[in-house]
Structures are given as C-alpha cells and as structure tokens.
Amino acid sequence: MRKYLTIILFLIAVTYSGLVTGQQRFPKPEFSTGYVTPSPTTPEPRANLLEYTDVVVLVIVLAIASWIAIRKRSRRAMLWLSVFSLIYFGFYREGCICSIGAIQNVTLTLFDPLYAISLTALLFFLIPLIFALFFGRTFCAAACPLGAIQDLLIITPFSTPVWIRKTLSFIPYIYLGLAVLYAATGTDFIICRYDPFVGFFRANASFNMFLIGACFLGLGLFFARPYCRIFCPYGALLNLMSRFSKWHLAITPAQCIQCKLCSTSCPFDAIEQPTEEVKSDEQEGVNLKRFIIFGLLIPVWIIAGGYIGSKSHVFLSKANPQVHLTELLIAHPELKNDVNNIDIQTFLTSGKSFEVQVKEAEVIRHKFYIGGWIFGGFIGFIIGMMLLNQSVFRRRKDYQPNKGDCYSCGRCLKYCPVKKDGTVAEID
Amino acid sequence: MADDKKFNRRDFIQNSMRITLGLAVAGLGGLTLMRSTGRNYVWQIDPFKCTQCGRCATSCVMTPSAVKCVNAYDLCGYCDLCTGYFKNGVKDLNTGAENLVCPTSAINRKFIEEPYFQFDINEKLCIGCGKCVKGCTSFGNGSFILQIRHDRCKNCNECAIARLCPSDAIKRVPADKPYLIKGDFVKKDKS
C-alpha cells in the first residue's frame, strides 16, 4: 500500500515538474556502464524504383495485349498474359496500385490543394485510357487483375436479355460519379474500400469482404465478369475511349462470310449481329424525330438529375466522418457523456470549439451541395445520352464486336473459320 | 454512293471524337501532372496527434495490424517503474502477466544498470493496440509511439485506419522519410 502511494505521489510530482519546465519528465539517464542507446529500427517501404517498374510492366503488358488482340489474334496468348497480370498485379502487388482506384487519386489532386498525386498513380490512370483510345479495351483483356480473376472463372456463361444489360450498364456511371464525389470532398475512397477481390489477393480478407468477393466469383460462373460489367467505374471510361478506338480487335481477319459461328461465342454478349436491311422511309422519319426529341431532352435530364442530386446532398454528406460526428452531436448531445464513444471523446479532448466544428461541417456539406448538382447532372447526361444512342440506327453488314463493351479477350477469334488470306477453313 | 457517304460520315464522327477524347485525356493528364510529384507517398502516424484510441489494432487490413509500438530510445527514461510496462497501480512490481499493460507480452524488459531498464518491442507479438503508448504518454516521457511499419504495411490507396482515426493522426508522408519517430524531434530540441 505504501509503495502504491509513493508511486502515485512520485508520478504527480514528476508530471507537475515536467509541465512547468517543459522538459522530459524523466530525463535520459547518464549510464556508467558504457551503455549505448540503440536506435529504433525503421524498415524501409518499397523502393521508388520498383514503383516505376510497375509502370514499365503495365506498358509492356498493354503493348503485348494490343499486339495479341489486333495482330496475333490468339486467345491462348491473351489468356497466359492475363494469368501473368493476375500473378504480378494481383498476387505479387496485392491489388495496389491499380488503375481503377487511381481515378480517386486524380480527383483528389484536382480538388485538394494539399494532396499531390504520385507520378506512378497518374501514369496508371492515363496509360490504359490512351491504349483504349487506339487499340480498344486491351487493359481489361490482359492487364487488369480484377478482370483476370473473374475471366478465369467463367464456366457456363448465360446470355442476358438486352434490356437487362443496358440497364445494368448504367450502374458504373453512378459508381464513377459517387467515387469522384466522395474523393473530391475528401470523404472516402469507395472504389478501394469496396474492391471485392483485393481480399483474395492479400489472402487476408475480413469475412464480409470475402463473402462479397465470393459472391462476385460465384455469380461470375454464369454471368461472366460481373464486376467489370455492372460496377467497374474505370470500365465506364474505357468503354467511352474504346468506342472511338482507332484499331480494334476484329472477329474476322478478312471478309465476314456470315456463318454465325461466332454469334454465341462471346460470354459478355458483346457481339452485334448484322442489321436487317428492311427500312422504309416512314421508319427513318420516325427515327429522326425520336433522335431530335431525345437530343432536346438531354438538358432536361441534366437539370432534373442535378436537382435530385442537390436535394440528396444532406444524405450523401452523411458518409463524411466530420459531418456525421457533428450531426450526431447536434441530434444527441447526451452522447458527450458516453465514455465509450471514441470519436466524441477525442473531439471533446481536442480543445476544438463546437462552433468551429459545425462551421467546418457546413463547409463540407456545401461542397456536397455543389457536388450533388454536378453528380446528378452527370447522371442525367448519361441517361439522356443512353436514350439518344438507342434512337440511332447503325447499319452493320457483318458480325462485329461492340467496341465499347468488348474486352478484346479474343474468345470469338477461334470460332471464325475465315483465314487471314480470306480462304475459309474446312469444317468437319 | 449513298453508302460511301454514310460510312464517311461515320469515320468522320469516329475521328473527331477520338481527337476530342484524346485532348480531354491529355488535358486532364496535363492538369494533374502539374500537381503531381515524382515522390511516392506512404502512410504514417503523427505521434503528436495520436490519442491511442486503439483503432489501429482493429481497423488495419492486416491482421495483426501493420501498426506497431516503437520505443524512441532517445526519449526513454529507462524507468524501473515504466508506466507503459506496468499497469497503473499494481500491487506488486513483478513481471507477472496480470501486472503488465501489454495484452500480448510484447514488451521485453532488459536490465541495463541499477536502476535502469531497456524496453524493447517484440514486433512479432505487438498488435498495435497502443495501451503501452497510452501509459507512457500519460505518465512518462512518451517514448513509446505507434508507427506504421513499412515491412508490413500494404500501402493501401486509402489507409483503412486513417479513415477511422478520430484525431486525424494518420497522413501521407514522402516515402524517403517514412517514419515520424519522436526521438529526432527531441534531438533537434536539445541542439
């Protein structure tokens, strides 16, 4: 008991003296035995050089993938390249760094003056987009580890009706818009947080993450590459780039003979059939009228979307920790006495006044108000453009990949009996 | 003839859209490039902001956490009665587990000379809960600090602990200066 008391008294005395003089409470002792103070170990992070190696690997993989898709025309080669990417970017680099997540780093750089993007992240964002602009989505075919892990597990893909596909293909734009909104307001990096496969790459997933990843892979057995098709926000950008790509994987190396062998070969329903040539003048007039109406409707969609987006800014801003904490304190002031609420206790001991906290939260919420308009307007624009696209009649004579949706995986190539010199292989 | 015209129009739209998108990507890239840096960043805990809430142990994507306690020896008082080592108000000063702050016995206490002891962290056992850090910071010199160990850190694009840190203590630091160990600070202070 006496010992206990002395300890306490000693501690109080020392604390007090420390506070008064601003010195260490217990000055470092003078050792008489020649003891040398060790220094703490500091294991180094991954070297900068290795980060640049990743960029070089990405460029090489993309170059080979583009060559395979357009010149070599080999599914087998593409498959092995994607296995390499899965091992390198997936299991060796453990899913970080990735082009999909780099969207958020670019956004944060543009909106947060205190943040500067590293050159590697910027290159990971830009290079696949530039490649897609010239060679199609070869990034999806062979360089993306998330795509590769799903691609390897396509067992019996079922074809989905076009209206389901078109509706689902709208989700990536919402995801992209939300990711940009949350990154721009400095709230969260939702793409990284909800990356379903990174847990597999690290063999260290929490149960929920493992479950989500397993669901995606399980769904992928029948609905090929579900994450790519209905979530991937980077895929939305690549889709846009690839639509206008200069060169793109073609199913037939020479002249298509309309044999229809390839028509069911694509697990992603990305092959478009030749259009029927029956089109009356009347039909053309209806189409033109529809095109003009849908075109004029786009500003309406944008304004409506922006209005809805701005109206939901309060809800959207709840994800921001500071806004959330402030709201909680306003709604439940009694929580200040809850010693187990770490966030509130830390705020109370930080010495920051409540007024300042509220003011800061209001600033963040105002950002969400502006962001809500932009986000909603963007979604409205996408809806308008999708409808406009539906009213455009595109004449196709041959079986062609949809340049936007095609991953350039090369599965269709082996179904085509036409050889490069235009002759047709014998079919038994 | 009509056919040719149509296909030409399609080509024209394709080409002009490609140029537009190319310029857009280049513009976005250029704008970002101006703000970019050749340095890479890693995550680190600012020990002066850290409030030892304990979330580092539970929120890291790694199990056990990539955050470990580090003893900044320069700052350490080598106390016999280390408040990061012994629980507050223990009855007997012996090294029985019931008397120790660390839940995993990750702190090694080594006798140097009367009455000084060196405290080392066994990082294989440390889970980064920060209980010892709290003890040392509250009553001692604060030489125990939590640091993200870069041999374990996956350098996630957004640190899962940073998002939940109540005191915003986790920030990006340049990869060539990846640690914020308090000892350096004290050294500068002395000189």
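The model is a predicted one, so local features are reported at pLDDT of at least 70 and side-chain atom pairs count only at pLDDT 80 or more, while totals for chains, interfaces and linings use all residues. Residues are numbered from 1 along each chain as its sequence is written, and chains are lettered from A, with ligands numbered from 1, in the order in which they are written.

Domains come first, with bounds taken from an automatic or database domain assignment. In chain A, domain 1 is made of two stretches, 72–275 + 403–415, and domain 2 covers 283–390. The C-alpha centres of these two domains of chain A are 27 Å apart. Ten residues of domain 1 of chain A and twelve residues of domain 2 of chain A make up their contact, where two residues count as in contact if their C-beta atoms, placed from the backbone, lie within 7 Å. On the domain 1 side of that contact in chain A there are six nonpolar residues, three polar and one charged. For these classes, Ala, Val, Leu, Ile, Met, Phe, Trp, Tyr, Cys and Pro count as nonpolar, Asp, Glu, Lys and Arg as charged, and the others, Gly among them, as polar. Chain B is split into domain 1 (1–36) and domain 2 (41–190), and the C-alpha centres of this pair in chain B lie 54 Å apart.

Next is the interface between the chains. Here 56 residues of chain B meet 55 residues of chain A. On the chain B side, the elements that give two or more residues are α1 (2–35), β1 (41–45), β2 (67–71) and β3 (107–113); helices (H or I, at least four residues) and strands (E, at least two) are DSSP runs, numbered from the N terminus. With eleven residues, α1(B) supplies the largest share of the chain B side. Sorted by class, the chain B residues that touch chain A are 26 nonpolar, 19 polar and eleven charged.

Two packed helices are described by the angle between their axes and the distance between the axes. Axes are lines fitted to C-alpha atoms, for helices over the stretch in contact, and angles run from 0 to 180 degrees between N-to-C directions. Angles under 35 degrees count as roughly parallel, over 145 as roughly antiparallel, 65 to 115 as roughly perpendicular and the rest as oblique.

Helix α15(A) (residues 281–311) packs on α19(A) with the axes 6 Å apart and an angle of about 155 degrees, so α15(A) and α19(A) are roughly antiparallel. Their crossing is right-handed; a crossing is left-handed if the near helix is turned anticlockwise from the far one by less than a right angle, and right-handed if clockwise. The contact of α15(A) with α19(A) holds 17 nonpolar and ten polar residues, and no charged ones.

Helix α19(A) (residues 354–390) also meets α17(A) (residues 321–331), their axes coming within 9 Å and crossing at roughly 130 degrees. This pair is therefore oblique, and the crossing of α17(A) and α19(A) is left-handed. Four nonpolar, three polar and two charged residues take part in the contact of α17(A) with α19(A).

A further pair, α4(A) and α9(A) (residues 171–184), has axes that come within 8 Å and cross at roughly 45 degrees, so α4(A) and α9(A) are oblique too. The crossing of α4(A) and α9(A) is right-handed. Among the residues in the contact are A:Leu108 and A:Phe111 of α4(A) and A:Val180 and A:Ala183 of α9(A). By class, the contact of α4(A) with α9(A) has seven nonpolar residues, two polar and no charged.

Back in chain B, β3(B) pairs with β4(B) (residues 116–121) in the antiparallel sense over six bridges, strands counting as paired if DSSP finds at least two bridges between them. B:Ile107 sits opposite B:Ile121 of β4(B). The two strands, β3(B) and β4(B), form a hairpin with two residues between them. B:Pro115 is in that loop between β3 and β4 of chain B, and the peptide bond from B:Glu114 to B:Pro115 is cis, with omega near -5 degrees.
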